[in-house]
Amino acid sequence: MERGNQVGNYHQLKVEEDEQDGLSTVPSAPDGSPLFPPMETRLYKRRWLMLFVFGTFSMSNAFMWLQYSIISNIFVRFYGVNAICVDWLSMIYFLTYIPLILPVTWFLDNRGLRDVLVAGSAFNCIGAWIKTSTARPDMFAVTFLGQFVCSVGTVFLLGIPSRLASLWFGQQEVSTACSIGVLGNQVGIAIGFLLPPILVPNVDDVEELAYHIGLMFYITAGVATLIFVLVVIVFQEKPELPPSQAQAQARSLSPDQYSYKASIGRLLCNKSFMLLVLTYGLNVGCFYAVSTLLNRMITEQYPGEEVNAGRIGLTIVIAGMVGSLICGIWMDKTKTYKQTTFAVYLLTFIGMLVYSFTLNLGQMWVVFLTAAILGFFMTGYLPLGFEFAVELTYPESEGTSSGLLNCSAQLFGIIFTISQGKIMDKWGTLAGNIFLCFFLLIGTILTGFIKSDLRRQNANASCDPQTGSKKSSLDDGVDHPTTPKEARL
């Protein structure tokens with residue numbers, strides 16, 4: 001099968017790295033700069049349909065991640081289990097991801113984007129239907145099984161936004177498209193914060209409670225089924241012509257030139273990328289912990305405010321959606337990947353500090369305000385990490401680089417959620433939040449040490465038909481060149 005995300009003749013790799021990995025060197029212009037002939041590219045209107053279909057799948061799966069934890073006190077009473085058991089209904093998503101990410105990225109590289117999304121949406125649908133039979137107090141084990149099956153579906157989608165953006169979108173819009181792809185997941189999280197407290201009110205009658213829980217499960221299963229059908233019928237693997245010069249170069253690699261094992265090895269030896277893997281995991285792991293434990297944070301400070309806990313979560317995510325979109329547009333305009341990533345990381349740390357020290361003031365409007373500030377930067381960071389990783393690792397698979405980022409996030413998500421939960425039990429909510437602030441500070445400092453090496457942008461610049469050579473740096477805010485086809489579109 002033709003590879004859509006590798007290129008053997010990548011000009012930024014050193015000669016000794018080329019020889020080691022079996023990659024040939026690149027023809028050079030007289031001034032020593034690599035020279036590629038511009039290839040035909042085209043942007044198709046249906047790229048937005050592909051993005052919409054993926055976003056709906058991501059939305060459905062993200063909703064099911066949070067549908068238990070945001071009303072955890074209700075499910076603790078309904079199933080007769082302790083709080084950590086209900087927390088694991090969310091954390092199972094993190095745990096499942098870690099052992100399955102490498103097999104799924106191999107599947108993505110060998111079978112393609114469409115097959116991955118079909119498989120993922122099938123798991124999502126099956127898990128949702130399993131849960132429809134669990135609206136009874138003695139069915140916790142079965143509802144956990146259904147949640148586990150849905151969590152397998154997550155492995156097939158979390159690393160897709162950057163891959164989808166690269167395959168379908170031009171170089172002037174790829175970061176924006178990645179941000180929109182991440183928005184689907186955030187919309188699902190927002191709905192997961194908002195709807196469960198409305199659909200499942202905190203009533204004492206067990207039979208009435210079972211009715212409301214069952215209704216929520218059936219609605220979820222119906223939506224998941226429609227999305228599965230939509231993916232099967234509508235989604236396409238890739239456009240006939242590549243959308244950018246970087247993708248045009250990537251398509252030139254024949255299957256026997258690519259080794260998945262060698263690709264993983266190159267990624268693990270890329271120091272800047274591995275530093276990004278660590279810092280991304282710290283940031284997003286904190287976000288997962290805050291999302292999972294938000295109900296406990298709010299109800300401990302404001303008893304009986306389950307509905308407002310959901311609304312606060314909704315505020316975090318909506319603010320993050322705005323932040324994601326703004327960051328994506330900003331990076332497409334400026335290409336300042338490292339500077340933007342560092343600034344957003346630092347502001348996430350500051351936002352978490354402000355949220356932590358104002359949560360117990362007794363003023364709900366203050367909580368909403370500080371949560372919005374935190375969400376704008378913390379959730380807005382998600383697409384930044386994906387796109388920065390693609391730049392640092394081109395021409396390696398976008399799915400593999402994003403998968404390793406998410407693997408780190410899931411691992412830290414488990415560690416932070418369990419640790420913060422125990423700290424909150426022993427010392428209170430403030431101590432738990434300070435625990436997260438400490439790791440966000442570490443992540444901010446480490447982000448400053450990431451070396452900016454925008455390989456994908458340099459690959460696009462090397463095919464500039466106006467200059468015939470690459471730019472020396474594309475992380476200084478200078479607009480990069482476009483092909484005539486992209487300019488017309």
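Predicted model: local features only at pLDDT ≥ 70, side-chain atom pairs only at ≥ 80, totals over all residues.
Tutor: Residues are numbered from 1 along each chain as its sequence is written, and side-chain values use heavy atoms, with hydrogens and water left out.

Student: How many helices does the protein have?

Tutor: Helices (H or I, at least four residues) and strands (E, at least two) are DSSP runs, numbered from the N terminus.

Student: Is asparagine 61 buried or exposed?

Tutor: Look in helix 2 (residues 47-66), where asparagine 61 sits. Buried means under 20% relative accessible area, exposed over 50%, and partly exposed in between (1.4 Å probe, protein chains only). Asparagine 61 has a relative accessible area of 2%, so it's buried.

Student: Which residues is asparagine 61 in contact with, leaving aside its neighbours within four places in sequence?

Tutor: Contact means heavy atoms within 4.5 Å. With those neighbours set aside, the partners of asparagine 61 are Tyr93, Asn124, Cys150, Gly153, Thr154 and Leu157.

Student: Which helix gives the largest share of the lining of the largest cavity?

Tutor: On a 1 Å grid over the protein atoms alone, a cavity is a set of points where a 1.4 Å probe fits but cannot get out, and lining residues have an atom within 4 Å of a point. The largest cavity is lined by 22 residues, and Leu158, Asn185, Ile189, Tyr288 and Asn406 lie nearest its centre. The largest share of that lining is five residues, from helix 2.

Student: Which residue meets arginine 47 in a salt bridge?

Tutor: A salt bridge is a side-chain nitrogen of Lys or Arg within 4 Å of a carboxyl oxygen of Asp or Glu. Here the N to O distance is 2.9 Å. The pair links distant parts of the chain, 126 residues apart, with arginine 47 in helix 2 and its partner in the loop between helix 7 (160-168) and helix 8. That partner is glutamate 173.

Student: Why does arginine 47 count as buried?

Tutor: Think back to the cut-off for buried, under 20% relative accessible area. Arginine 47 counts as buried because its relative accessible area is 10%.

Student: And is leucine 346 buried or partly exposed?

Tutor: Leucine 346 is found in helix 14 (residues 337-358). With a relative accessible area of 34%, leucine 346 is partly exposed.

Technical notes
1 Å grid on protein atoms, 1.4 Å probe; cavity = no way out; pocket = protein on both sides within 12 Å on 5 of 7 lines; lining within 4 Å.
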